[in-house]
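Hi everyone, thanks for making time today.

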Amino acid sequence: MTSSPHPVALDADQARTRLHELTVIDVRTPAEYASGHLPGALNLPLDRIRRALPEIRHAADRGDILVVCASGARSESACKLLAEEGIPTATLSGGTGAWSAEGHDLHRPAACDTRRGWSMERQVRFTAGTAVLLGLLLGLLAHPAFLLLSAGLAGGLVLSAVTDTCGMAAALGKLPHNRPRTADLDATLAALRSR
């Protein structure tokens, strides 16, 4: 793979045939990763990519890297960031959603190892919906100024769609249940170094 401003994209079938030769980095939150990931994928949340640059560079020197997320948006962002650092990568078109839709297996840790978490998209929808309803309810029952909360969230959702970014997802990603434990992150970095 070569470093370019637009990441190389593999579809689910292309990735499956090359899975044995790829280092797969899943940039979703630990809770999302635990809900099902590509076999052999290493969890390295998007906001931790810069910290792992030396290890990712080391793995890239030894073979091709595939970056994965739920739908492809976060993995594309990670690929662009890594390309800026001179590290060639590919992204999985459609992410784990497309992988699963094609009938390919997702690895899920044993039930006793972790509890199944909500996807980041589901967390954002729940949080935004709850805040909008709360703003409407408080606006009707307490003071009309609370309607500004709902209006602000609507504006934020429009901005999120136009810019293809999500500030709420970034904030939710910092919550404890969405953060990797130090031991998990250290294990991922060690696995990248050993590639």
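Let's begin at Val67, which stands opposite Thr91 in β5. Before I go on, please keep in mind that what you see is a predicted model.

In which order do the five strands form the open sheet? Reading across, the order is β1-β5-β4-β2-β3, with parallel pairing. The edges are taken by β1, at 8-10, and β3, at 42-43; each has a single partner strand, so one side of each is left without a neighbour in the sheet.

Back to β4 for a moment. In a regular strand, side chains alternate between the two faces of the sheet. In β4 both faces are covered: Ile65 and Val67 are buried on one side, and Leu66 and Val68 are buried on the other.

Next, a helix. Lying across β4 and β5 is helix α4, residues 73-84, which runs at about 140° to β4. Taken together, β4, α4 and β5 make a right-handed β-α-β unit.

Let's look inside. Which residues touch the most other members of the largest nonpolar core? They are Leu44, Ile56 and Leu82, in a core of 22 residues. At least two residues of this core come from each of α3 (53-62), β4, α4 and α9 (182-193). There is also a second, separate core of 15 residues, and Ala12, Leu22, Leu66 and Trp99 are among them.

Ile56, for its part, sits in helix α3. Is Ile56 buried or exposed? With a relative accessible area of 0%, Ile56 is buried, because the cut-off for that word is under 20%. Leaving aside neighbours within four places in sequence, Ile56 is in contact with Ile25, Leu44, Ile49, Ile65, Leu82, Ile87 and Leu192.

Staying with helix α3, its buried residues are Leu53, Glu55, Ile56, Ala59 and Ala60. They cover an arc of only 160° around the axis, which puts them on the same side of α3. On the other side of α3 you can find Pro54, Asp61 and Arg62, which are exposed.

Thr23 belongs to strand β2, residues 23-26, and it is buried, with a relative accessible area of 6%. Not counting residues up to four places away in sequence, the contacts of Thr23 include Leu42, Ala59, Asp64 and Arg195. Thr188 is found in helix α9 and is buried too, with a relative accessible area of 8%. Which residues does Thr188 touch, not counting those up to four places away in sequence? The list is Leu42, Asn43 and Leu44.

My last stop is Val124, in helix α6, residues 120-141. Val124 is buried, with a relative accessible area of 12%. Along the sequence, Val124 and Cys166 are 42 residues apart, while in space they are 8.8 Å apart, C-alpha to C-alpha. Leaving aside neighbours within four places in sequence, Val124 is in contact with Cys166, Met168, Ala169 and Leu172.

Terms used:
Residues numbered from 1 in each chain as written. Predicted model: local features only at pLDDT ≥ 70, side-chain atom pairs only at ≥ 80, totals over all residues. Heavy atoms only, no water. Helix = DSSP H or I, 4+ residues; strand = E, 2+ residues; numbered from the N terminus. Buried < 20%, exposed > 50% of the residue type's maximum accessible area, 1.4 Å probe, protein only. Contact = heavy atoms within 4.5 Å. Pairing = 2+ DSSP bridges. Axes fitted to C-alpha atoms, helices over the stretch in contact; angles between N-to-C directions. Right-handed = clockwise from strand over helix to strand, strands pointing away. Core = buried A, V, L, I, M, F, W, Y, C linked by side-chain atoms within 4.5 Å. Arc of directions from axis to C-beta.
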